[in-house]
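Have a look at the model first, and then read on.

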Amino acid sequence: MTLPSQFIVPGAWRKLEHFRRLIDELRDLDLHTVTMTSSGNDPALRDMYADADMIAQARL
(Lines give C-alpha, C1' and ligand atoms only; values in the text may rest on other atoms or scores of the structure.)
Protein backbone atom coordinates (compact mmCIF):
# COMPACT_ATOMS: atom_id res chain seq x y z
CA MET A 1 0.00 0.00 0.00
CA THR A 2 1.33 3.41 -0.95
CA LEU A 3 1.02 6.09 1.68
CA PRO A 4 0.05 9.63 0.66
CA SER A 5 2.67 12.36 0.59
CA GLN A 6 2.90 14.52 3.68
CA PHE A 7 4.06 18.15 3.73
CA ILE A 8 5.43 20.14 6.63
CA VAL A 9 4.99 23.84 6.01
CA PRO A 10 6.02 26.02 8.95
CA GLY A 11 3.66 28.85 9.82
CA ALA A 12 4.19 32.25 11.34
CA TRP A 13 7.35 32.73 13.39
CA ARG A 14 8.46 29.13 12.89
CA LYS A 15 11.36 27.69 10.99
CA LEU A 16 11.82 24.19 9.69
CA GLU A 17 14.33 23.54 12.49
CA HIS A 18 11.45 23.78 14.99
CA PHE A 19 10.01 20.62 13.41
CA ARG A 20 13.23 18.57 13.38
CA ARG A 21 12.02 16.00 15.94
CA LEU A 22 8.77 15.49 14.04
CA ILE A 23 10.62 15.17 10.73
CA ASP A 24 12.96 12.60 12.25
CA GLU A 25 10.01 10.67 13.67
CA LEU A 26 8.24 10.56 10.29
CA ARG A 27 11.29 9.60 8.24
CA ASP A 28 9.63 6.43 6.91
CA LEU A 29 6.86 8.42 5.21
CA ASP A 30 6.88 10.25 1.88
CA LEU A 31 7.61 13.52 3.66
CA HIS A 32 8.33 16.85 2.01
CA THR A 33 9.35 20.06 3.72
CA VAL A 34 9.01 23.65 2.56
CA THR A 35 11.16 26.52 3.75
CA MET A 36 9.12 29.69 3.68
CA THR A 37 10.73 32.71 2.06
CA SER A 38 8.91 35.13 4.34
CA SER A 39 10.56 33.92 7.54
CA GLY A 40 14.13 33.59 8.59
CA ASN A 41 17.23 35.66 9.19
CA ASP A 42 17.75 36.87 5.62
CA PRO A 43 17.27 40.64 5.41
CA ALA A 44 15.80 40.20 1.89
CA LEU A 45 12.71 38.33 3.10
CA ARG A 46 10.02 37.71 0.52
CA ASP A 47 6.22 37.92 0.81
CA MET A 48 3.29 35.48 1.01
CA TYR A 49 3.15 35.20 -2.78
CA ALA A 50 6.68 33.84 -2.84
CA ASP A 51 5.68 31.42 -0.05
CA ALA A 52 2.72 30.22 -2.13
CA ASP A 53 5.06 29.61 -5.07
CA MET A 54 7.36 27.54 -2.84
CA ILE A 55 4.45 25.38 -1.69
CA ALA A 56 3.23 24.91 -5.27
CA GLN A 57 6.72 23.83 -6.38
CA ALA A 58 6.96 21.33 -3.52
CA ARG A 59 3.84 19.57 -4.80
CA LEU A 60 5.53 18.78 -8.14
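## Surface and overall make-up

The chain has an accessible surface of about 5100 Å², and carbon and sulfur atoms hold 53% of it; areas come from the Shrake-Rupley method with a 1.4 Å probe, and for residues only the protein chains shown count as cover. Of its 60 residues, 17% count as buried, where buried means under 20% relative accessible area, exposed over 50%, and partly exposed in between (1.4 Å probe, protein chains only).

This is a predicted model, in which local features need pLDDT of at least 70, side-chain atom pairs count only at pLDDT 80 or more, and totals for chains, interfaces and linings use all residues. Residues are numbered from 1 along each chain as its sequence is written, and side-chain values use heavy atoms, with hydrogens and water left out.

## Fold at a glance

Two helices and two strands make up the secondary structure of the chain, in the order β-α-β-α from the N terminus. These are DSSP runs numbered from the N terminus: helices are H or I with at least four residues, strands E with at least two. Along the principal axes, the C-alpha atoms fill a box of roughly 45 × 25 × 15 Å.

Among contacts with a separation of 6 or more, 42% join residues 24 or more positions apart; contact means heavy atoms within 4.5 Å.

## Helix 2

Helix 2 covers residues 48-58, and its Ala50, Asp51 and Ala58 are buried. Viewed down the axis, the buried residues of helix 2 fall within an arc of 105 degrees, so they line one face of the helix; the arc is that of the directions from the helix axis to the C-beta atoms. Strand 1 is part of what covers them, while Met48 and Tyr49 are exposed on the other side of helix 2.

At the start of helix 2, a side-chain oxygen of Asp47 comes to within 3.1 Å of the backbone nitrogen of Tyr49.

Together with Phe7 and Val9, Ile55 forms a nonpolar surface patch with about 210 Å² of accessible area.

Where does Leu3 sit? Leu3 lies in the segment before strand 1 (6-8), and its relative accessibility of 42% makes it partly exposed. Leu3 and Leu29 are 26 residues apart in sequence, and their C-alpha atoms are 7.2 Å apart in space.

Technical notes. A polar contact is a pair of N or O atoms within 3.5 Å; within protein, one must be able to donate a hydrogen and the other to accept it, and residues adjacent in sequence count only if both atoms are side-chain atoms. Patches are made of residues with over 30% relative accessible area and no salt bridge: like charges are joined within 9 Å, nonpolar side chains (Val, Leu, Ile, Met, Phe, Trp, Tyr) within 5 Å. A salt bridge is a side-chain nitrogen of Lys or Arg within 4 Å of a carboxyl oxygen of Asp or Glu.
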